[in-house]
Amino acid sequence: MTGLRYVYAVCRPFGAPLQAQLTGIGGAPPALLHHHGLVAVLSTVSEADFAEDALRARLEDLDWLTATARAHQGVIDALTTVTTPLPLRLATVFRDDSAVRTMIEAREEEFRRTLDRLEGRVEWGVKVYADIAQAQPESPSPKPASGRDYLRQRRAQTRSHEDMWQKAEAFADRLHRELSEKAENSRLHAPQNPELSGASGRNVLNAAYLVPRAHSEEFVEMVDSAKDETPGLRVELTGPWAPYSFAGDAVTRAPREEEEGGEGT
């Protein structure tokens, strides 16, 4: 095969077929390269797009980057339904099959150790958002009769908002503890910036949970039961994902979180 090798993930051999209509980068089905009892899931891509200089320029094209990240994540999602993949960084490319085999050999022990630890497990993401306006709709206040009345109203409003934030943080802390007890492991991520995420409300919980597949239904039901518990709080569940947050040094950041990459990383 001519062209560079774009590697999505490394995993163990699996028997179940991937989705029949699955396509990767460039629209072709991903291929499997077996080596030393491991599998690199890859596509052959053109140097015009993925050679080092060309890729650097391509990464400035947001439309191209979005399409590439979507195709990358589509392959990872498909793999997650049949096995435990260790996703590699977005736009990880190698010169040829031999270079991919060399990469596997160099990281073989690391890959095997991580796969042993994560086998049969998936990652679920849970976010909690607090929206004061929804929890405490503003009602018309009587016109203050004096400056003292105005200050009294402002202090009461400030105390009300502070109480709401305290309740939101207490809810998020409790939910995180309860979900952590059901999960094998958990990770707290930094709150999302609303200007970047586009989500409404303040993000008071942004966490990931490592859950055995066999217990995922129970975990999802637990999250669902908390969704309408407190007015003004919104609970969002995402997943199941490949266990990005728990793979340690075996993988780099997920393409849904990072939008840059490099050749031969």
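1. Basis. Residues are numbered from 1 along each chain as its sequence is written, and side-chain values use heavy atoms, with hydrogens and water left out. In this predicted model, local features need pLDDT of at least 70 and side-chain atom pairs count only at pLDDT 80 or more, whereas totals for chains, interfaces and linings use all residues.

2. Thr84. This residue is found in the loop between α3 and β4 (86-87), helices (H or I, at least four residues) and strands (E, at least two) being DSSP runs numbered from the N terminus. Thr84 is buried, with a relative accessible area of 2% (buried means under 20%, exposed over 50%, partly exposed in between, with a 1.4 Å probe and protein chains only). Not counting residues up to four places away in sequence, Thr84 touches residues including Val10, Cys11, Leu115 and Pro243 (contact means heavy atoms within 4.5 Å).

3. Helix α3. Residues 62-80 form this helix of 19 residues, which reaches 26 Å from its first C-alpha to its last, close to the 27 Å expected at 1.5 Å a residue (the expected span is 1.5 Å times one less than the number of residues). Among its buried residues are Trp64, Leu65, His72 and Ile76.

4. The sheet. An open sheet is formed by 4 strands in the order β7-β8-β6-β9, with antiparallel pairing (two strands pair if DSSP finds at least two bridges between them). Because β7 (185-188) and β9 (233-241) stand at the edges with a single partner strand each, one side of each is left without a neighbour in the sheet. Strand β6 (residues 121-130) is joined to β8 (residues 202-212) by 10 bridges, and Lys127 has Asn206 in β8 as its bridge partner.
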